[in-house]
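Please consider the structure shown here together with its sequence.

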Amino acid sequence: MALKELSIRNFAIIKQLEIEIDDGLTVVTGETGAGKSIVLGALNLLLGARADIDMIRHGEDKCDISALFDISNLSNVTSWLEQRDLFGGDDEAPQRHCLIRRVVRANKPTKCYINDQATTLASLKEIGQLLVDLHGQHEHQSLLRRPSQRRIVDQFANHQAELDDLAKLASQIHRLERELKAVAEGNSDNADRMELMSFQLNELDEANIAPDEYSDLNQAMGLLSNAQQLIEGIELAEDQLFHNESSNVTTDLGKQINLLTELAEHDKSLNQSTDLLNSALAQIEEAQGSLSASLAKIEKDPERLQEVSQRLDTLINLARKHRCPENLLSDRHQTLREDYARLENEYLQPEKLQAQLQLLRSQYSKVALTVSKKRKEVANSLSIKITDQMQGLGMQGGRIEIQVIDNPELISENGIDEINYLVSTNQGMPLKPLQKTASGGELSRISLAIQVITSEQSSTPSLVFDEVDVGVGGKVAGIVGAKLAKLGEHAQVLCITHLPQVACEGDHHLAVNKVSSANETYSTLVNLQGEQRTEEIARMLGGTEITDSVRATAREMLGHSATDILAAS
């Protein structure tokens with residue numbers, strides 16, 4: 001057992017349903033519109049289907065769906081939960097059960113939970129795929145689409161890792177092809193740009209500009225161009241301050257300090273003034289030395305002045321050409337080098353891209369051929385199995401052939417193969433494409449044959465079939481029910497059906513009824529036992545009145561075993 005309990009609240013016309021699911025085949029029946037398929041719609045929503053606020057029961061602000069699974073023997077599920085630290089914390093051994101829940105709220109985000117821990121919708125989908133394999137009532141229509149046909153073959157081939165590699169390699173190949181095209185279209189423009197940049201680089205290389213050269217030249221220019229004025233000014237200041245015979249600042253200040261020092265012997269408060277004047281004298285003497293040093297550094301060098309002036313003109317002209325400030329010429333030079341190197345790399349890139357592309361194509365071809373070989377092997381085996389199932393579903397003489405045609409020149413995320421389903425529905429008739437041959441009923445039975453085979457090989461513990469018996473009836477319907485019952489011997493099977501021949505094969509029987517009152521309409525669920533089940537099968541057999549004869553037929557149908565039906569077929 002995997003799915004133990006399903007709880008549905010405020011979903012569509014369902015107000016509240018609590019469903020316990022047992023091992024074997026459980027059938028769900030009910031009159032049209034009672035809500036039996038809504039039960040599976042709720043389960044599908046729980047497993048990650050797209051949510052819509054219209055799903056919420058009228059008058060309510062949210063719907064709440066949860067399911068409890070027994071995972072005692074599901075190591076892949078326990079491993080998945082362990083990796084994500086999503087085991088529950090209740091008193092029971094957490095490895096035994098898994099509770100998943102989804103709440104859809106009006107005008108608010110959906111909430112998802114695994115073992116009462118908030119999680120993402122993607123995680124809900126992942127674990128749902130490990131727990132439930134749901135076959136919808138319209139899957140026979142999807143069988144006409146090539147992607148669905150390919151997925152069936154790939155599912156049996158069990159080579160998902162190789163398919164993931166193919167998708168990744170194909171994406172890389174297509175990206176490189178786009179890059180090559182872009183490079184080819186842009187190379188002529190790059191050549192013109194590189195020619196201009198080469199000229200600019202040569203010009204800047206010859207100029208050999210140092211990082212702070214413009215600032216240093218400006219400073220030198222200020223000294224050289226004002227040397228005479230500076231010399232005359234400093235000499236005048238020195239003469240006035242230190243070399244004037246009538247008034248020398250240091251001599252005069254020294255005299256005053258001596259005078260105050262003598263007076264301080266009589267008035268100690270003068271000591272503070274004397275200290276300040278001594279400090280001023282020291283600073284004046286230091287200023288004298290600084291002026292002498294500055295004067296010694298100043299040169300009148302007309303040749304150097306001309307040289308600096310010409311260099312500044314060169315930098316100013318280069319800055320104007322390159323449209324940047326003079327002090328950023330060195331940075332502009334470095335940027336130009338980098339841009340040129342990048343363009344040069346792009347100009348030479350086609351050879352590099354072609355080498356990468358050739359390597360990727362070789363890797364892709366190797367994986368694609370492996371996948372193609374496996375697909376052909378599986379297609380042959382699968383054709384035989386589906387044909388065998390078709391024989392037992394009222395299509396005696398019918399057969400199917402799955403063709404895998406490889407095209408080594410093709411590169412797609414799905415490989416190099418075109419997969420075709422060819423069908424003959426009658427003895428002696430030629431094989432023709434499925435899309436052009438099978439009627440709706442035949443297509444439904446072929447789809448069911450595939451689903452039965454898929455389910456037999458599925459590792460998913462719970463299999464759900466939503467009216468997959470559409471389009472069949474009579475003896476074939478009985479065979480369909482018998483096959484589902486056989487599946488129930490090694491898996492938990494839940495099947496919604498409108499056929500009494502299928503319903504009577506269930507190990508357990510649930511009936512959905514719609515209850516209407518003046519104020520509301522809602523669905524209820526009943527676990528049928530004994531005569532209740534006989535009455536439901538009799539109702540499904542039809543007629544305006546359920547007679548004793550119809551009840552007798554229902555009891556007879558309930559008494560037949562799946563083994564007897566399959567043996568008779």
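Leu422 has Pro433 in β11 as its bridge partner. The model is a predicted one, in which local features need pLDDT of at least 70 and side-chain atom pairs count only at pLDDT 80 or more, while totals for chains, interfaces and linings use all residues. Residues are numbered from 1 along each chain as its sequence is written, and side-chain values use heavy atoms, with hydrogens and water left out.

Strands here are DSSP runs (E, at least two residues), numbered from the N terminus. Strand β11 comprises residues 432-433 and is joined to β10 by two bridges, the two running antiparallel. Two strands count as paired if DSSP finds at least two bridges between them. Among the facing residues, Ile400 stands opposite Val423 in β10, and Val404 stands opposite Ile419 in β10.

Together, the three strands form an open antiparallel sheet in the order β9-β10-β11. Because β9 and β11 stand at the edges with a single partner strand each, one side of each is left without a neighbour in the sheet. How enclosed is strand β10? Seven of the eight residues of β10 (residues 417-424) are buried, so this strand is largely enclosed by the rest of the structure. Buried means under 20% relative accessible area, exposed over 50%, and partly exposed in between (1.4 Å probe, protein chains only).

Elsewhere, Asp22 lies in the loop between β2 (14-20) and β3 (25-29). Asp22 is partly exposed, because its relative accessible area is 34%.

Technical notes. Helix = DSSP H or I, 4+ residues; strand = E, 2+ residues; numbered from the N terminus.
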